[in-house]
Amino acid sequence: MDTYDGRRGALADLARASGYRSSVAAPITVSGHVWGALVVLWSRPEPPPPGAEQRLAQFTELLATAVANTESRRQLNASRARIVVAADEARRSIERDLHDGVQQRLVALGLQLRAAEASVPADDGELRAQLSRTSEGLANVFDDLQEISRGLHPSILSQGGLMAALKTLARRSPVPVTVSPGPKRRMPDCVEVAAYYVVSEALTNAAKHAEASAVDVEVDITVDDASGHENLAIAVRDDGVGGADPALGSGLVGLTDRVEALGGHLRFSSPAGRGTSLSVTLPIDIDCQRLHAASQMSAE
């Protein structure tokens, strides 16, 4: 628009009232659709300089690329959130089925076997011994099933909170683990679950691959200087051989998806001969129910 003089309409009236005499505009097109427009206005009496349209169009192409990248990251995070929510729901469902169905049936069968063993005549020692061995085997199966159930979604995480669950992980680890006192207050459920699986995966890797003799787990609440928001900071360090490659099935890809779906960050370092360290920050001021609802709407 070389001049607004003599032009009619609300925009022309607004431009003149604001002291602008000319303008150049270019659409911002993202994925074939007009996302917005960039407008440059001049108050000088001369028209815009030659080539202003072309230069503005080139700049809007850069803006369109930035917007497309942002939209792509948003969609990726939504996809990650859907995967994380679906996985957590599946784990809870399996845990309920195990606890309410299979485990109860195993307990009942164990009691029946013990009752049958007690009713066997004293002179039939072979049958009594066979029933005893079967009862012990059934008890071992029940213990294994409980271990699997705890790994799916540990009940202590819901009942006692994150630090109680991490201390339980430490006691069960074949490698000695030191856990910091950590925060005493509870955090959103999805944040505690993500933190639990981060530490669980790190301890599993330390025991299976790192040849570590000790692991340190530090958990604390920090405040971001720029935004003032609180974050849960988790650091897991071992004194193993290092040299771990996240691409070789260490589980870090899944952890990264889980952490970034919540808006967090994961950093991994494993120099050869210097141990492995994993650090994660998770935002605390997050609405898990809203995240779940958003992931469901995105899926639909």
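Biologist: Is Arg114 buried, exposed or partly exposed?

Modeller: Buried means under 20% relative accessible area, exposed over 50%, and partly exposed lies in between (1.4 Å probe, protein chains only). Arg114 has 39%, so that residue is partly exposed. Glu117, with 14% relative accessibility, is buried. Before going on, note that this is a predicted model: local features need pLDDT of at least 70, side-chain atom pairs count only at pLDDT 80 or more, and totals for chains, interfaces and linings use all residues. Residues are numbered from 1 along each chain as its sequence is written, and side-chain values use heavy atoms, with hydrogens and water left out.

Biologist: What does Glu117 form with Arg114?

Modeller: In general, side chains of opposite charge can pair when their charged atoms come close. A salt bridge is a side-chain nitrogen of Lys or Arg within 4 Å of a carboxyl oxygen of Asp or Glu. Glu117 and Arg114 form one, and their closest N and O atoms are 3.0 Å apart. Both belong to helix α2 (residues 52-119), where a spacing of 3 residues puts them about one helical turn apart. Helices (H or I, at least four residues) and strands (E, at least two) are DSSP runs, numbered from the N terminus.

Biologist: How many salt bridges does a search of the whole structure find?

Modeller: The search gives 6. Another one of them joins Arg16 to Asp13, with 2.6 Å between the closest N and O atoms. This pair sits in helix α1 (residues 10-17), again 3 residues and about one helical turn apart. Arg16 is partly exposed at 33%, and Asp13 is partly exposed at 43%.

Biologist: Which residue forms a salt bridge with Arg185?

Modeller: Glu230 does, at 2.4 Å between the closest N and O atoms. Arg185 lies in the loop between β3 (177-179) and α6 (189-208), while Glu230 is in strand β5 (residues 230-238), so the pair ties together parts 45 residues apart in sequence. Arg185 is partly exposed at 40%, as is Glu230 at 30%.

Biologist: How do β4 and β5 run, parallel or antiparallel?

Modeller: Two strands pair if DSSP finds at least two bridges between them. β4 and β5 are antiparallel, joined by 9 bridges. Asp220 has Ala233 in β5 as its bridge partner. The two strands form a hairpin with 6 residues between them, and Gly228 in the turn has a positive phi of about 80°. On the other hand, β3 and β4 (residues 215-223) run parallel, with 3 bridges. Val179 is the bridge partner of Val217 in β4.

Biologist: Where does Tyr20 lie?

Modeller: Tyr20 is in the loop between α1 and β1 (22-30), and is partly exposed at 33%.

Biologist: How much of the protein chain counts as buried?

Modeller: Of its 300 residues, 36% do. The chain has 8 helices and 7 strands. A contact means heavy atoms within 4.5 Å. Among contacts with a separation of 6 or more in this chain, residues 24 or more positions apart account for 61%.
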